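Work through the exercises below with the sequence and the 3D structure at hand. Try each task before you read its solution.

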Amino acid sequence: MRADLRDGAEWGRRLTPRRARNAYRIWRSFRRARRTGDPQIDGLPVTISFEPTTACNLRCPECPSGLRSFTRPTGNLRPDLFTQVIDELAPDLWGLTFYFQGEPYINPGFLDMVRYARGKGIYTATSTNAHFLDEGRAEATVRSGLSRLIISLDGTDQATYEQYRREGDLQKVLEGAERIVRWKRKLRSRTPHVVFQFLVVRPNEHQVPEARELAKRIGVDDLWLKTAQVYDPRDDHPLIPTQDRYARYRRKADGTWEVKNRLDDHCWKMWHSCVITWDGRVVPCCFDKDAHHVLGDLRSQSFREIWTSAAYADFRRTLFTSRGSIEMCRNCSEGSPVWV
């Protein structure tokens, strides 16, 4: 079976009748909200992102973790907070991403949390810079039952790689990926689905074909190309690719730059997903990196209380009238799919 089909089958195995009903209720309530403008929500999120840590070993130039530029507190997710939230959501929750900011493997309890979520029948994924995938962690990752492992590549030689992944070591990344692939084969494990994610920026855009060949040689399951988020797009920005198909932004006639995505006044993501910071604060999505839009605190509230609160409803309502007025939305590369 092709790797992408195996990954799809892994998603399918996590679906239960209750999760299917919940997903349908969420979709139905979003459709109703678009018609009426009333952001009433019926159901709990289909997927969430949980932040294991804000710490990172690298210094990437467009990342708050790399720049050490957070105004919010930094730290590691505590297991008790994690299990409290997962116990509440697991019957309805289909997928869980262990990532927001930071490097997940820095949290010493990260793989224990993966195992816990897997034990609840949830599809689990994470994104890593792969500098911590020594032999022991590679084996533990495969044994944990992690469904998908995204490894940041971003260059096929050290000189190119370190232009974005500053203080990073490409050889460690490749060796870590090789260990994961080797342990999957040794344990005859379907998971994790291993992806090389190539953030296409000006220094590496010429290496996309080489990245494809490297992915094949090492034996990872897929290569994903990703456009780079830039906080101050301009003509002389060193990261914006010269090839338009790889750029998230376009230059307008007046010389200013804008994100290519349409900013329609609705967002499906506000219904089916959310992000939880390491210290239990709920924010609307992954573009709120510094948690400017905190909608509740799980240290003092249940998730359901936050998800159905007046504050959350007010935020969702704003998306129907003036999504472009929300700063994080103006840099959004996702938007709303046509089918919703």
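**Exercise 1.** Sort the lining of the second largest cavity by class: how many residues are nonpolar, polar and charged?

*Solution.* Begin with the classes: Ala, Val, Leu, Ile, Met, Phe, Trp, Tyr, Cys and Pro count as nonpolar, Asp, Glu, Lys and Arg as charged, and the others, Gly among them, as polar. Next, list the lining, which consists of Ala-3, Arg-6, Asp-7, Glu-10, Ser-147, Arg-190, Thr-191, His-193 and Asp-221. Sorting these gives one nonpolar, three polar and five charged residues. As for origin, helix α1 supplies the largest share of this lining, namely four residues.

This is a predicted model, in which local features need pLDDT of at least 70 and side-chain atom pairs count only at pLDDT 80 or more, while totals for chains, interfaces and linings use all residues. Residues are numbered from 1 along each chain as its sequence is written, and side-chain values use heavy atoms, with hydrogens and water left out.

**Exercise 2.** Which residue forms a salt bridge with Arg-6, and where do the two partners lie?

*Solution.* A salt bridge is a side-chain nitrogen of Lys or Arg within 4 Å of a carboxyl oxygen of Asp or Glu. Arg-6 pairs with Asp-221, and their closest N and O atoms are 3.7 Å apart. Arg-6 sits in helix α1 (residues 3-13) and Asp-221 in the loop between α9 (208-218) and β6 (222-227), so that the pair links parts of the chain 215 residues apart; helices (H or I, at least four residues) and strands (E, at least two) are DSSP runs, numbered from the N terminus. Both residues also line the second largest cavity.

**Exercise 3.** Is Arg-6 buried, partly exposed or exposed?

*Solution.* Buried means under 20% relative accessible area and exposed over 50%, with partly exposed in between (1.4 Å probe, protein chains only). Arg-6 is partly exposed because its relative accessible area is 29%.

**Exercise 4.** Describe the salt bridge between Asp-42 and Arg-28.

*Solution.* Their side chains meet at 3.0 Å, N to O. Asp-42 is partly exposed at 25%, and Arg-28 is partly exposed at 34%.

Definitions and conventions
On a 1 Å grid over the protein atoms alone, a cavity is a set of points where a 1.4 Å probe fits but cannot get out, and a pocket is an open set with protein on both sides within 12 Å along at least five of seven lines; lining residues have an atom within 4 Å of a point.
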